[in-house]
Structure formats: structure tokens, C-alpha cells
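Q: I have a structure open and I'd like to learn how to read it. Could you walk me through some features, one at a time?

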Amino acid sequence: MPTKYTSLFFLLFCIGVASESSAQQSWFRMDSTVAVSAKGAKLVNPWAGGLNASQFLKMHLDNDTTEDLVVFDRTNSKVTTFIASANPADASKKIFIHAPYYEQLFPKVDNWMILADYNGDGLKDLFASTSLGITVYKQIKTGTVWSWKLQRDALNTQGFSTDLNLQVSGPDIPGIIDIDGDGDLDILTFDFSGTNIELHQNLSMEKYGVPDSLGRAKAPVFMRNGDCWGNFHKGDGEDFVFGAACGVVDNSGGRVMHAGNSILLQDLDGDGKRDLLVGHVSNEHISFLKNSANGLIANFTSYTNTYPAVSPVSFYIFPAAFMEDVDFDGIKDLIVAPSVSTNDGNLVDFKSSNWLYHNAGTTNNPNFQLLQKNFLQDQMIDVGENAAPSFFDIDGDGDLDMVIGTGGIQGTSGFRGGFWLLKNTGTNKNPQYEVSSENYLEVPGTLGLYNLKPQWADFNGDGVPDLGFAGVSTSGIKPEFRYIPNKAAKGAAVQLNIADAVLLTMPSEAQIGDNPFFYDTDGDGDLDLIVGKPLGNIYYYTNTGSNKQFTFKLETDTFAGVGLNFEGRFVHAVAEDVDLDGRPDLLTVDHTGTMRLFYGAAWGKWTTRESLLVDFNGKGSAPVLGRYLTTAVADYNGDGKPDVAVGTNAGGLRLLTNILPITITGTEPTIDNEVKVFPNPASDYIKVLSSIKGSLRILNITGLTIRQSLQVKANEEFEVSTLNWVPGLYLFELQSGASRTVKKVVIK
């Protein structure tokens with residue numbers, strides 16, 4: 001009988017071509033098509049990534065006549081863009097639809113950003129925070145395409161004796177508005193003590209007769225006008241002092257003040273004079289200050305901290321107010337959110353931090369009515385903060401569900417994290433998720449942990465994946481890793497009990513901020529350990545024990561050449577064969593907000609590092625996805641290629657589908673129907689069915705024998721467990737006398 005085989009050379013050649021071509025094009029595409037429902041309703045923007053400390057702005061993103069919505073999240077230095085679009089449920093109404101394409105057009109921004117037209121061309125320009133004060137980007141539009149051009153890296157102002165940078169304290173949000181009505185934009189900002197408002201008057205019209213002298217004059221066009229503005233200064237608590245001289249304030253014996261203020265200038269009582277809404281870093285409420293004068297010289301005479309009068313704003317810390325028309329009735333509404341860079345004291349509920357007040361009056365004489373406390377957040381997956389995704393078939397129905405770890409929410413037992421369960425109610429190839437539980441396994445009631453990061457792996461060596469998770473203990477404030485044994489049979493619905501959680505002994509170098517990931521890196525059947533560190537480097541440990549008793553040996557503290565790196569701190573690394581060349585790759589996310597892939601070589605010997613992974617106009621790009629990111633890799637859409645979910649500090653998820661030009665067939669062609677190998681691709685097991693008996697040998701793509709001398713009987717299924725195998729391509733060789741048949745199999 002002639003020899004029958006699939007050519008190993010041909011297989012390697014095809015893989016080489018696929019790898020080479022993939023380096024020339026995008027690896028992933030943002031996926032917003034997978035449906036998610038919660039409480040019986042379909043979410044409009046499930047994969048928008050969550051929102052925490054939001055700033056709300058409007059501009060034209062597309063080319064219709066309706067302005068769209070831009071949201072900047074201070075905790076993540078992240079821009080999220082939404083297009084005003086027809087409501088699928090009611091075509092006569094509009095809603096905001098997440099449009100991630102436009103996010104990549106924005107420059108990197110920290111602290112705050114404001115959209116305002118400084119040159120009168122009808123296009124909003126971008127003012128943003130910088131360490132030097134304020135940077136300005138001009139909007140350029142050619143045909144239907146727009147972009148930003150850096151106009152000034154820092155604005156200057158004419159002080160009392162010299163020219164200075166126009167400084168804005170990092171925590172502040174200034175007011176940028178034409179205060180004197182002459183056609184150019186002036187700037188109002190609190191001083192660094194957080195006590196007085198400074199007026200920096202724009203003299204562009206006075207000096208040059210045009211509003212856009214930012215691009216024409218080298219000398220400052222702004223001038224500090226007066227010692228303060230508005231004839232008031234901030235008091236010690238939530239009060240304000242009116243009619244006082246603007247100078248040094250004696251705070252001796254009083255509370256120490258902290259800089260951090262937000263400014264919204266708008267006529268709020270219909271008298272034609274611009275009033276103030278001020279938020280302060282130490283205050284829970286928005287302060288309304290009434291203005292009794294018009295124009296450049298304002299005079300504030302009274303205030304209230306109860307605003308609006310009905311359902312007033314009340315945050316734990318530092319509310320900031322924004323006015324934009326977000327319900328498409330032509331009247332500006334009020335949106336209030338905490339202006340914080342972190343969750344101070346873990347007392348901010350980032351799951352409901354966007355308070356929307358519908359304006360039932362007019363823009364200049366509003367009647368604000370509290371509509372909801374989770375504007376936009378209610379239409380996306382938003383677990384609060386620090387979402388950490390994982391994929392697993394929870395109910396044993398053959399498709400992948402999701403378990404999401406959460407940063408935490410304040411409850412009766414304090415700040416504790418838990419799990420959300422999203423069940424796949426669709427199919428393996430057409431997933432549709434439903435938020436089945438926001439307290440899966442009731443973890444907060446049992447364990448005092450926050451910042452939970454789940455991972456599915458066989459931690460106890462019984463052949464069935466368990467639910468492992470890292471977390472920070474509220475008792476003693478230390479990192480922990482536990483796993484819950486899965487007592488179900490392989491492939492069946494999981495059987496998990498939080499009371500059975502086992503505490504693993506982690507390496508002595510473990511610290512808060514670690515991101516551990518377990519993986520059998522050397523193919524010896526037990527789990528080794530990769531740890532992304534808060535300072536940006538990656539530790540790699542081999543398990544010198546067993547699959548039931550972990551003993552970690554540190555191999556390197558700069559794995560893959562990733563050393564200490566401030567920009568790339570809080571790195572999270574996972575190992576998967578992303579390019580399907582039969583060898584595990586390393587996928588990382590870090591504080592830069594971008595993904596990186598180490599691939600194209602044996603384990604740990606990568607010399608190729610790719611960051612232009614996500615499709616943007618047909619080319620690879622490196623979008624900023626946020627901060628404190630985590631990631632999970634799985635084939636959620638059943639095409640045989642590994643996809644990615646990224647969890648964000650804002651409490652949401654981004655999905656990225658694999659678009660590499662590699663085709664994975666459902667079954668390997670057979671010769672004379674003598675040998676069948678299935679399922680293919682596989683994850684937990686492979687079955688071999690042969691019409692003749694023979695000896696089975698299994699090789700990985702490098703030619704290394706994994707198993708050999710396995711005796712296969714004629715017409716009887718022979719099962720091989722692949723649970724702890726490194727994902728990639730394998731060769732199954734069945735020898736029977738002079739006949740040899742080789743099948744290639746993909747392990748996910």
C-alpha cells in the first residue's frame with residue numbers, strides 16, 4: 001500500500017507565507033457587531049469600553065448636519081467618540097452610536113480637553129492640557145476629511161511684569177469662552193491655590209483685527225487682566241467670599257486648600273448675564289454663583305450649593321458640569337461627572353457617574369430635571385472600573401461565555417470586587433451575550449478582595465479547567481491568587497463553589513499591581529507563570545514542581561526583553577499562538593494604552609515586536625485603549641483564529657476580531673476515508689477514528705514528538721487529551737504497516 005501523508009514541508013511553507021503576509025497588514029479589527037442584552041433590553045453600545053470621569057463635548061465627526069459627541073475620560077486619558085444616528089427602534093429620533101474610528105484621529109491628551117472654534121472658520125479646534133499649560137490644535141478639513149494640526153504647543157500670557165506660560169493646574173478644567181463678545185476666545189482659570197479666578201483676555205481682535213492670531217503672532221495674544229475676576233474668591237469649605245479685595249488670603253487656622261476646580265460659564269437664570277457653575281476638588285456639590293454684571297467685568301454677589309434646586313448634584317468628590325444638547329431637542333442639557341484621575345478612597349461609583357439633567361426650559365433659562373445617573377453607561381458593558389475579561393464555556397453548550405472581573409463597588413462590607421457573567425445565547429459562530437449576573441458566584445459576600453482578574457486553567461491537575469483569579473486583599477492590602485476547583489466533568493456545565501476557593505502560594509516578589517498569567521510554557525504538563533509588573537517589566541517563572549504542587553523558579557525579570565519602563569508600567573501579558581504558526585506568542589497591554597505582540601520565534605526568543613495591530617483605513621495602527629488594561633485571547637466567533645478582548649480601567653470592554661488571512665477548515669481532508677481526526681480546531685481533546693489499526697505519533701510544528709506509540713484500534717474512537725497543550729498546529733501521524741497517514745490539527 002502506498003504511503004499517504006500531508007507534506008510537512010508544504011505545511012511549513014504555507015505557514016511561512018501566512019506569517020510573512022500578516023506582518024504587512026493589520027492583525028485585528030475593532031468589533032462592535034456582537035450583540036449584548038441586559039435586563040431584557042439590547043445595549044446600544046456594548047463594547048464602547050466604559051466611562052468613569054467623563055468630560056462631554058460636541059463637534060462634527062461625520063459629514064451630516066448634526067453635531068456628534070466626544071467624551072474624554074480623565075482616569076484613562078481616553079477619548080471615546082459617538083455618532084448622532086437614527087434610533088433603530090424609532091427612526092424619527094436620534095441616539096449616539098459608538099464610532100471608534102474617530103478616536104484614532106485625536107492626539108494623546110491628559111487631564112482635560114475643550115472643543116472651541118478660536119479662528120471663526122466654523123470648525124471647532126482642540127484646547128488640551130499640557131505640562132506647560134495649554135496646547136492648541138487647529139482643525140483642518142479637506143473635502144470631507146478632517147484632522148488636527150498642532151498650532152501652539154503652549155500658550156503664553158502677558159503677566160504683570162513679564163511673559164509667562166498660561167498655566168492651568170492639572171486637576172482644573174478652565175473656561176474657554178468669548179467673555180467680552182469681541183469674537184475671540186478668552187480664558188478663565190483658577191490660580192494654583194484654587195482660590196481666585198484669573199482672566200486671561202484675548203487681545204487678538206484688539207491687536208490684529210482677527211480672532212485667529214494664535215497662528216500669526218509670536219508675542220502673546222493673552223493678557224492677565226486684574227488680580228482676580230468676578231470680585232470673589234473661594235472660601236474654606238463650600239462657601240465663597242464676595243466683595244473682598246483680590247490679594248493674599250490669610251487661611252491660618254483654616255482648612256488647607258487644594259487646587260482643583262472646574263468652570264462652566266453660562267446664563268442660568270435668563271437675565272442675560274453669564275453665571276458660574278463651579279466644582280471644587282474638596283466639594284461634594286456644584287456651586288451656582290449669580291452674576292450681576294455683564295461683559296468683561298463680572299460681579300458675582302451670591303451663591304448656592306444646592307443646584308439644581310430639585311435633585312441637586314451630590315458627589316463624593318469634585319463634580320464638574322458640562323452643558324451640551326444630548327437629547328436632540330436643540331436645548332442644552334446639563335451633564336455632571338466627577339473630575340478625578342483616580343477613585344479617591346474607592347468611594348466613587350464609576351458604574352453610575354454620569355448624571356444627566358434634561359433641560360425642560362431654555363439654554364439661557366434652564367429647568368434642569370434629573371433624568372438618570374448613568375448617561376451612556378447604561379448602554380454599554382460597564383462594571384464600574386478595572387474590567388478584566390475571560391472566556392469559557394460556562395454552561396457546556398459548545399460556545400464561549402464571558403466572566404468579567406471587576407475592580408469593586410462600595411457595599412455593606414466595604415469596597416469589594418466580584419464577577420459578572422455574560423452568557424452566550426447565540427452560537428459558536430454567531431455569539432450574542434446576555435448579562436446573566438452582576439454578582440456571579442457571590443464573591444463579595446465571601447472574599448474581601450478587589451481588582452479581580454480571572455483566568456481559566458487546570459490549576460489542580462485533574463484535566464478540567466478551573467476558575468483562577470488574582471485580587472488585592474482588603475485585609476492587609478496584599479496581592480492574592482486563588483482558584484475555584486471545577487468539579488464538573490470535562491465539557492459539562494461548570495460546578496463552582498466560592499467556598500472551595502484555594503489560595504495559591506505566589507512568589508515572594510509578588511506585589512500589588514502584579515498581573516499574573518499561568519501557562520504551560522515548556523510543554524511538561526504543568527503551569528508556569530508570567531507576571532506583568534507595575535513598573536513595566538515582565539517576570540517569567542518555570543514550575544519546577546508539578547501540576548498539583550506549584551514550585552516557581554524565577555528565570556528572568558526582563559522576559560522578552562521587557563525591562564523597567566515608566567511609560568509601559570502596569571503591563572499585562574498573555575501567551576497564545578496568535579499567528580497560528582504552532583508556537584506561543586506573547587501579547588501585552590500596558591499604561592501606554594496600546595497592544596504589542598511578540599511573535600515569530602521559539603518561546604522567549606522573539607526578536608519581532610509589533611504594535612501596529614489594529615486596522616485603520618486598511619493599515620495597521622496602535623489605538624490608545626485606556627490605562628490599567630487587561631486582555632484575554634479566545635476564538636469567540638468560531639472561525640478558528642484567536643481574537644482579543646481588552647478590559648479597561650473605565651470598566652468596559654473592547655472586542656478585536658482576528659483578520660489575518662489564514663483559513664482554518666472545519667475538517668482535515670481524508671484519504672480513502674481511512675482516518676478521521678476531529679474536532680478541528682480543538683481545545684480540550686482530539687478523537688482519532690481509523691478504519692485500520694495502527695500506532696499513533698503526535699508532533700508539534702517544530703518536529704518535536706509530543707506523544708508516541710499510542711495504539712489505535714480499527715473503527716473505534718481513540719481520544720487524546722489536549723487540555724494543557726500549547727495552542728498551535730500539530731501533526732497526527734498514524735502508522736499501519738507500510739501505510740502512513742498524517743493529519744494537521746489546530747489546537748486553540
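Q: Let's start with charged side chains. How do I read a salt bridge, and which residue does Lys-351 meet in one?

A: Side chains of opposite charge can pair when their charged atoms come close. Keep in mind that this is a predicted model. Here the side chain of Lys-351 meets that of Glu-438 in a salt bridge, with 3.8 Å from N to O.

Q: Is Lys-351 buried or partly exposed? And Glu-438?

A: Buried means under 20% relative accessible area, and exposed means over 50%. Lys-351 has a relative accessible area of 26%, so it is partly exposed. Glu-438, at 38%, is partly exposed as well.

Q: What about strand S33, where is Ser-437 in it?

A: Strand S33 covers residues 432-437, and Ser-437 is found there. A polar atom of the Ser-437 side chain lies 3.0 Å from the backbone nitrogen of Asn-439. Leaving aside neighbours within four places in sequence, Ser-437 is in contact with Phe-419, Trp-420 and Leu-421.

Q: Back to charges: how many salt bridges does a search of the whole structure find?

A: The search finds 17 salt bridges. One of them joins the side chains of Asp-110 and Arg-627, at 3.0 Å from N to O. Asp-110 lies in strand S8 (residues 110-116) and Arg-627 in the loop between strand S47 (619-621) and strand S48 (630-634), so this pair ties together parts that are 517 residues apart in sequence. Asp-110 is partly exposed, with a relative accessible area of 30%.

Q: Which residue forms a salt bridge with Asp-581?

A: That's Arg-583, and the closest N and O atoms are 3.0 Å apart.

Q: Now the domains. How is the protein divided?

A: There is domain 1 (388-658) and domain 2 (675-747). Their C-alpha centres lie 29 Å apart. The contact takes 15 residues from domain 1 and 13 residues from domain 2.

Q: How do I read the interface, and what area do domain 1 and domain 2 bury between them?

A: Look at the area, then at who supplies it. The two domains bury about 1100 Å² between them, with 62% of it on carbon and sulfur atoms. Lys-490, Leu-580 and Gly-582 supply 34% of the area that domain 1 buries against domain 2, more than any other three residues.

Q: Which salt bridge does Lys-490 form?

A: Lys-490 pairs with Glu-719, and their closest N and O atoms are 3.3 Å apart. Across the interface of domain 1 and domain 2 the rule finds one salt bridge. On the side of domain 1 that touches domain 2, the residues divide into five nonpolar, four polar and six charged.

Methods
Residues numbered from 1 in each chain as written. Predicted model: local features only at pLDDT ≥ 70, side-chain atom pairs only at ≥ 80, totals over all residues. Heavy atoms only, no water. Domains from an automatic or database assignment. Contact = heavy atoms within 4.5 Å. Buried area = accessible area lost by both parts, 1.4 Å probe. Salt bridge = Lys/Arg side-chain N within 4 Å of Asp/Glu carboxyl O. Nonpolar A, V, L, I, M, F, W, Y, C, P; charged D, E, K, R; others polar. Helix = DSSP H or I, 4+ residues; strand = E, 2+ residues; numbered from the N terminus. Polar contact = N/O pair within 3.5 Å; in protein donor to acceptor, adjacent residues only side chain to side chain. Buried < 20%, exposed > 50% of the residue type's maximum accessible area, 1.4 Å probe, protein only.
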